[in-house]
Structure formats: structure tokens, C-alpha cells
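Hi everyone, thanks for coming.

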Amino acid sequence: QVQLVESGGGEVQAGESLILSCAASGSIFHYNTMGWYRQAPGKQREAVASIDVDGSTDYAVSVKGRFTISRAHAKNTVFLQMNSLQPEDTGVYYCHLVQRYTPTYKPDYWGQGTQVTVSS
């Protein structure tokens, strides 16, 4: 059983910052990727950022240079520092974990989501 618990969402003004955190618990395999997705009202869920155990990261073009993802391995926790927030960043942010057991067996898990609202 794997659980992902997010925290840190809220409402801010454009240009302000927020930091999200996600703690994974349960049976966590060493080789995994943790990341964040978001879903705006009426839109599909989209990838925001991800980070592997070796520290390599990937970002959506729309957040590159403004958002920074990091992780604390010992605590299986991932953070998303969001700076210069814009109204288009509004949405529900979901934590995501992919456990990379083999190239073909990679179960994934989702958090319950945390709302981020950016007003202009």
C-alpha cells in the first residue's frame, strides 16, 4: 500500500510564491520518480515537473525557470517551489509516484490533490 499526502496549496496573488510538498509512505521502491501534475477547470491533467532518485529533473515548458522541484530521499518527500505564479497556474495539483521495478512493470500512484488559486 502506497499513500501520497500533499500539502501547501492555497490562494495567492499573481507574482507571489507557494511551495507544495508531498510525502510518500508505505512500500516505496528505491528506483522511483516523483512529480507533480495539475488540472485546471475544464482542461486535461498535465505534467508539471518530475524528479528521479538520481536528481535528474524535467519541467513543463510553461513552468521552466519559475518552478523548482526537489526531493528529500530519506523521507520520500518531494517539494515544488512555485515562484512568479500566474493565473494560468491555477488548478488542482496532484503528486505522482512511479515505482520503476522493471522496464515494463512501473506501477504509479496519485495523491488526493491540493488546490492552487492565483488571482490577478
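Let's begin at threonine 114, which sits in strand E11, residues 114-119. A quick word on names: helices (H or I, at least four residues) and strands (E, at least two) are DSSP runs, numbered from the N terminus.

Before going further, please keep in mind that this is a predicted model: local features need pLDDT of at least 70, side-chain atom pairs count only at pLDDT 80 or more, and totals for chains, interfaces and linings use all residues. Residues are numbered from 1 along each chain as its sequence is written, and side-chain values use heavy atoms, with hydrogens and water left out.

Is threonine 114 buried or exposed? It is buried, with a relative accessible area of 11%; buried means under 20%, exposed over 50%, and partly exposed in between, using a 1.4 Å probe and protein chains only. A polar atom of the threonine 114 side chain lies 3.3 Å from the backbone nitrogen of glycine 9. Leaving aside neighbours within four places in sequence, the contacts of threonine 114 (heavy atoms within 4.5 Å) include Glu6, Leu20 and Tyr93.

Which side chain does tyrosine 93 join through a polar contact? That would be arginine 38, at 2.9 Å. A polar contact is a pair of N or O atoms within 3.5 Å; within protein, one must be able to donate a hydrogen and the other to accept it, and residues adjacent in sequence count only if both atoms are side-chain atoms. A polar atom of the tyrosine 93 side chain also lies 2.6 Å from the backbone oxygen of aspartate 89. Tryptophan 36 is 57 residues away along the chain, yet its C-alpha atom is separated from that of tyrosine 93 by 6.6 Å.

Now let's step back to the strand. Why is E9 largely enclosed by the rest of the structure? Because 8 of its 9 residues are buried.

And what does E9 pair with? Two strands pair if DSSP finds at least two bridges between them. E4, residues 32-39, runs antiparallel to E9, with 8 bridges; there, methionine 34 has leucine 97 as its bridge partner. E11 is also antiparallel to E9, through 3 bridges, and glycine 91 stands opposite valine 116. Strand E10, residues 108-110, is joined to E9 by 3 bridges, again antiparallel, and valine 98 partners aspartate 108 there.
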